[in-house]
Amino acid sequence: MTMNVQEPKPRISLMVFTRDLRITDNPALSASLKNTKTYCLFVFDDSLISGSRPPLNRLKFLKDSLQDLALSLKSIGGELIIASGKWADTVLDVAKKIHASEINIADDYSTYATNRITNLENYCAANKITLNKHPGISIVEPGVLAPTAGSEYKIFTPYFRKWINASWRRQAVLPKTIEFGKTDHQFSLSQKSKDLLSISSSGYGGETSGSEKMNQWLSRSSNAYNSTKDVPYLDSTSHLSAFLHFGCISPLNLAIQAQSFPETENFVRQLCWRDFFLQILAVRPDASINDYRNRNDIWAKDPESFIAWKEGKTGFPLVDAGMRQLKAEGFMHNRTRMVTASFLVKDLYLDWRVGASHFMEHLIDGDIANNQLGWQWVAGTGTDSNPHRILNPIRQSERFDPSGSYIQKWVPELSGLTPKTIHDPPLVIRQQCGYPEQIVNHHDAVELFRNRRAR
Ligand SMILES: Cc1cc2nc3c(=O)[nH]c(=O)nc-3n(C[C@H](O)[C@H](O)[C@H](O)COP(=O)(O)OP(=O)(O)OC[C@H]3O[C@@H](n4cnc5c(N)ncnc54)[C@H](O)[C@@H]3O)c2cc1C
């Protein structure tokens, strides 16, 4: 007698990559591969890649990161499906086509990310698919550390004290036995995403180059971080921000590795700023647009000054150098991010949102939490405990670029000037060099700012 015993169907899972584009310490991927046959997917979200001013630098980096991820998955037997469309609809569509009973994803916290995950949650509930959200974007997930009163830490230092002493999650490892699903189905790609896949390369995105850069920087340069991190021309910081933004490297893995090198406390502290801002955004997602703390500003409107700022033609050499670096490289040193942002908000009294949006258009590492809350920190509408702090662009230049080397690199018309004159060239020298006069008088502007804030 033959018994007709049906083989149990394998559980099928869909791993949806978002900004966790790596296979090392990827909790969502590891969980997905545990006992389930896993299909891997990335969706070009139509609404993020269209728009009149798409962030080209970031998109190039994303493209490289996806190519690298596809190769990494291939090396362990998997494949990366790339589709495009409305994000949640497309994820559901793929999940249904491969008969997934579960979807695994890294949790994320901006208004946009939260909305699309909520949409997906609703779709999954209606289609009897389990949606599992995992950590992985930060070192300590938002909400894990809560203050005694209130729902988020509003000041960095108390958060840092808790964070550094908290027990961090264990790094995720891939299970020993893994099974990937493969599909012949061609998922449609919009023209925008096809264009995107054919744009030129950033030359360095992805987990492979991110890990190399991380290892090299930790072993060669991290011990000088404390003494050199504030000096723009030394360019000695890690340049890992874009890799962290897209999750090409794991922030947890980076922090743990960094701790095994000497003199890295300050570097690990900087990594904590990411988590700090993210835990704020998780509770106050509107802080990406609205003032976290309202200071009753009625911002000035001055299109000409805004253009001068964007073009690096304010007549303040350090400000101009920073703005020109941003345009040329899609990167700016942290010190000059602070100086240029302070100049826009405090000297020109222009809305931090217009500055933040210009940064987001150009930065390869453009990140809603770090950028918008970084801007608000400078503007004094955010988490800074000293909202009236003003950075004097000339004093900052003398202090952090004493030799003028950073200015000479990015403002070539001033490259022949000595350290004595380069920070604030006299009028006659400006005219000889073809360099503009200052568009505002710093001291008058500061006075005006203080009066406006006191209203
Ligand atoms: C106005 C303004 C806008 C900013 N916009 C962004 C942004 O869009 N994306 C972004 O990643 N960072 C932003 N920062 C923070 C910081 O300037 C960059 O993270 C840093 O310059 C990146 O260079 P790095 O990787 O060499 O940094 P490192 O000094 O090597 O620091 C290591 C990592 O720590 C994190 N980090 C360092 N400083 C900060 C900080 N102040 N806030 C949050 N995280 C930090 C970053 O992930 C960085 O890669 C902004 C800062 C300001 C003042």
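Author: What follows describes the ligand shell and then a helix pair that takes part in it. The model is predicted: local features need pLDDT of at least 70, side-chain atom pairs count only at pLDDT 80 or more, and totals for chains, interfaces and linings use all residues. Residues are numbered from 1 along each chain as its sequence is written.

The ligand is surrounded by 27 residues, a residue being near if its C-beta atom, placed from the backbone, lies within 6 Å of the molecule. The closest are Thr 237, Ser 238, Ser 241, Asn 371 and Gly 374. By type, the shell holds eleven nonpolar, eleven polar and five charged residues (Ala, Val, Leu, Ile, Met, Phe, Trp, Tyr, Cys and Pro count as nonpolar, Asp, Glu, Lys and Arg as charged, and the others, Gly among them, as polar).

Because domain 2 (138–166 + 207–283) and domain 3 (303–454) both give residues to this shell, the ligand lies between them; the domain bounds come from an automatic or database domain assignment. At least two shell residues each come from helix 10 (241–245), helix 12 (265–283), helix 15 (334–347) and helix 17 (368–379). Helices are DSSP runs of H or I with at least four residues, numbered from the N terminus.

Helix 17 also meets helix 16: Trp 352, Gly 355, Ala 356, Phe 359 and Met 360 in helix 16 face Asn 371, Gln 372, Trp 375, Gln 376 and Ala 379 in helix 17, where contact means C-beta atoms, placed from the backbone, within 7 Å. The residues of this contact are six nonpolar, four polar and no charged.

Methods: Contact = placed C-beta atoms within 7 Å.
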